[in-house]
Amino acid sequence: MPDTANNDAFVAFERVQKSYDGETLVVKDLNLSMPKGEFLTMLGPSGSGKTTCLMMLAGFETATHGKILLDGVSINNIPPHKRGIGMVFQNYALFPHMTIAENLSFPLEVRKMGKSEREEKVQRALDMVEMGAFGGRRPAQLSGGQQQRIALARALVFEPELVLMDEPLGALDKQLREKMQFEITDLAHNLGITTVYVTHDQTEALTMSDRVAVFDDGRIQQIDPPDVLYENPQNSFVAQFIGENNTMNGVVKEIKDGIALVQLDDGSLIDATPVNVSEVGERTKVSIRPERVEFNQDRLKGNAHTLKAEVLEFIYMGDIFRTRLRVAGSDEFVVKTRNAPDQVKLKPGETVEIGWLPEDCRALDA
Amino acid sequence: MSDTTDSGPITAADGTPLKRSLGRALRQQKLRALMLIAPLLLFVLLSFILPIANMLMRSVDNDIVADTLPLTVVELKTWDSDSGELPGENVYAAFVTDMVAAIDAKNHTKLGTRLNYESTGMSSMFRQSGRKMKKLDPVADAPFKEKLIKINDGWGDVEAWREIKTHSVRTTNGYFLNAVDMRRTPEGAQSQPEDKRILIKLFGRTLWMSLIITGSCILLAYPIAWILANLPMRTSNMLMILVLLPFWTSLLVRTSAWKVLLQQQGVINEILVWLGLIADDGRLVMINNQTGTIIAMTHILLPFMILPMYSVMQTIQPTYLRAAKSMGATNWTAFWRVYFPQSIPGIGAGSILVFILAIGYYITPEIVGGTKGVFISNRIAYHISSSLNWGLAAALGAILLAVVLLLYWCYDKIVGIDNVKLG
């Protein structure tokens, strides 16, 4: 996804702040711009401000400071019903006293659309989510997954250019959730709509999005495509929040040729890529993904530092093996290896040498 | 494999039919449940169902004439009441025999009271005749026709005998006819004279005013319930106490307070006069009339409307309104098309509650209603405690009960009783 300049952004937040009580800021200085057609996910722990941002975009909350732009126009003072933004809610919010068809027809009715046109659009939207035969039912007669589809169809039926989704898959079971993830992304891309999706589920964020904005403490910590986010986290919060990570504390000893030599707290030395450390002597948190840890010394660079590790636990998980090690005084070091014919299966009690490529290990803020 | 097959009933492991064995297993549970509710069941039976059944019986029960004047009733059967002539000597003779026995048992005044409900003057006629007829001997003093007419010329009036004959049946529709401003005559049911027709008007007024009270309760309660349901828990709990506060105050005190407020020398009038909004000689009459009853009862019944509305509105999630607005609905459309329909069960529950309570209300109309603002229940109370015409009171009560049940049925047909939610 090319980074877009502010002037041709479809949705933009400019220095937006939000406070509910006048004492603490829930959203602190938010800047964000989205091109048309992008699927952006706001990811973060609860209380990180992501839902507040979505509500400000939808118009249900007012920004305390800053500007929100939609297609170049400030929408701060436009009431929600004039924004023309489709929205899918966490609990679907299907009107229980209306049939499915009436639910879908509602946004068209308030737009004073003719009856035949309405019926045609409703049917098309229902067919789009493969629920064509359910128009006469009531929401309570549908399963969770079906209600989810209807909520989606209802948010799309009036053809908005921007659709907001607030944890729409939170109430579904795992299998259905995975199926719906693909359906939603397919639909969004096929229709070319711009989507802002809020979730606290990182897998969902990684599989669905063009870009993910990681929220914490009222700020966007990092906004990048999923692969960049996973492989190049810009700080230790992102590194820990996205995927599994082994972290070790240490001090930067030397920075040379883009490689930082870090002395861990137990004295051992390792190589890492400096991300947000710049000075020798600075404390740092180094982070390495469990699947990037290497047992095979031949694959490491000649002069790479290695660490001694004691195997504590070996878990067979089917497609992968998960090995828990004691490394540099920590019992929580995890290594994941692929279940391949030539893969070594470590036994508890064994001692091994582990290492990694310096570019896989990142020295982040402490 | 189990021994269940497609043919025949399914059996349990020991061969007994599954249904029976399930029934046995559940019997103990049912017995225990029954034991638990037994005290209440007994209490309700003795203190609610039996008295009501007894009261309903009284509305048609009319043994007193046939029991007190058994021979007379038999003899009157042969008398043609439409002939315009007095009954024959046989009736008078039987009447004297019956009366002497009744006077001995001191029953004749009760009979007089009973017949007095139908035709004024009967009570004094029986009491007065009783004193003199005591001396008559049913055998030796015959014939009686002339003597009786001499004792009280009422006995020479065809109407008196017609009255006795008409009301000699053991089960009568007379009380119900009276309750709807009609009366039982030898020629069948007929309307009461114009000046005696008050009950239908009273029924109509009771229904009409109950409707107005229910309506004003809806109007006042809806916004309050909405606020309560949408405020944060802590604030709404505090406001809820204010709503419930009237419940902790005696009904009598609250009604009397309205008397203080509403009367012509009362607080509201004084303030309006002081402000110069009304002239001192033009004080508003807000009490001892319908206005007083409506104001006081609306206030007293308001919590019964707020509570069901509140509990229903609490279950309506705010996301519904947000969803509607996100789809382009204005505040009003979102409310009217999405919120209001979902709050109807609360309105329904509150309305039924308030209307049924209002229709049978007694204390408040009695105190603030004057003569124009009283309800049918005040009339029932009058017949129970003052006129002692329990039969008529029972008939009025039965009609009131029937009206409530009928309205309940209508409500079920129109709105559906499943749509009523108390929480």
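**Helices, chains and sheets**

Colleague: At what angle do helix α10 (residues 199-230) of chain B and helix α14 (residues 290-314) of chain B pack?

Modeller: This is a predicted model: local features need pLDDT of at least 70, side-chain atom pairs count only at pLDDT 80 or more, and totals for chains, interfaces and linings use all residues. Residues are numbered from 1 along each chain as its sequence is written, while chains are lettered from A and ligands numbered from 1 in the order in which they are written. Axes are lines fitted to C-alpha atoms, for helices over the stretch in contact, and angles run from 0 to 180 degrees between N-to-C directions. The axes of α10(B) and α14(B) are 6 Å apart, and the packing angle is about 40 degrees.

Colleague: What does that make α10(B) relative to α14(B)?

Modeller: Under 35 degrees counts as roughly parallel, over 145 as roughly antiparallel, 65 to 115 as roughly perpendicular, and the rest as oblique. The packing angle here is about 40 degrees. So α10(B) is, relative to α14(B), oblique.

Colleague: Is the crossing of α10(B) past α14(B) left-handed or right-handed?

Modeller: A crossing is left-handed if the near helix is turned anticlockwise from the far one by less than a right angle, and right-handed if clockwise. The contact of these two helices holds 22 nonpolar, 5 polar and no charged residues. Here Ala, Val, Leu, Ile, Met, Phe, Trp, Tyr, Cys and Pro are nonpolar, Asp, Glu, Lys and Arg charged, and the others, Gly among them, polar. The crossing of α10(B) past α14(B) is right-handed.

Colleague: How are α1(B) and α19(B) set relative to each other?

Modeller: Helix α1 spans residues 18-58 of chain B and helix α19 residues 390-414. Their axes are 7 Å apart, at an angle of about 115 degrees. The crossing is left-handed. The two helices are therefore roughly perpendicular.

Colleague: Which residues of α19(B) does α1(B) meet?

Modeller: Contact requires C-beta atoms, placed from the backbone, within 7 Å. The contact of α1(B) with α19(B) has 5 nonpolar, 2 polar and 1 charged residues. From α1(B) come Met55(B), Leu56(B) and Arg58(B); they meet Trp390(B), Gly391(B), Ala394(B), Gly397(B) and Ala398(B).

Colleague: How many residues of chain A are in contact with chain B?

Modeller: Chain B brings 15 residues to this contact. On chain A, the number is 19.

Colleague: Which element gives the largest share of the side of chain B that touches chain A?

Modeller: Helices (H or I, at least four residues) and strands (E, at least two) are DSSP runs, numbered from the N terminus. Of these, α15 (318-326) and α16 (331-359) of chain B each supply at least two residues of that side. By class, the side has 6 nonpolar, 7 polar and 2 charged residues. The largest share, 6 residues, is from α15(B).

Colleague: Which residues of α16(B) does α15(B) meet?

Modeller: The axes of α15(B) and α16(B) come within 9 Å and cross at roughly 135 degrees. They are therefore oblique to each other, in a right-handed crossing. From α15(B), Tyr320(B), Leu321(B), Ala324(B) and Lys325(B) meet Ala334(B), Arg337(B), Val338(B) and Tyr339(B).

Colleague: How far apart are the C-alpha centres of domain 2 of chain B and domain 3 of chain B?

Modeller: Chain B is divided into domain 1 (6-58), domain 2 (63-172) and domain 3 (199-419). These bounds come from an automatic or database domain assignment. The centres of domains 2 and 3 lie apart by 51 Å.

Colleague: What is the bridge partner of Val11(A) in β4(A)?

Modeller: Strand β1 (residues 11-18) of chain A pairs with β4 (residues 65-70) over 5 bridges, in the antiparallel sense. Val11(A) is partnered in β4(A) by Leu70(A).

Colleague: Which residue in β8(A) stands opposite Met42(A)?

Modeller: The open sheet β6-β7-β8-β3-β9-β10 of chain A has 6 strands and mixed pairing. Its edge strands are β6 (85-88) and β10 (219-224). Strands β3 (residues 39-43) and β8 (residues 194-199) run parallel, joined by 5 bridges. Opposite Met42(A) stands Val198(A).

How values were computed: Two residues are in contact if their C-beta atoms, placed from the backbone, lie within 7 Å. Two strands pair if DSSP finds at least two bridges between them.
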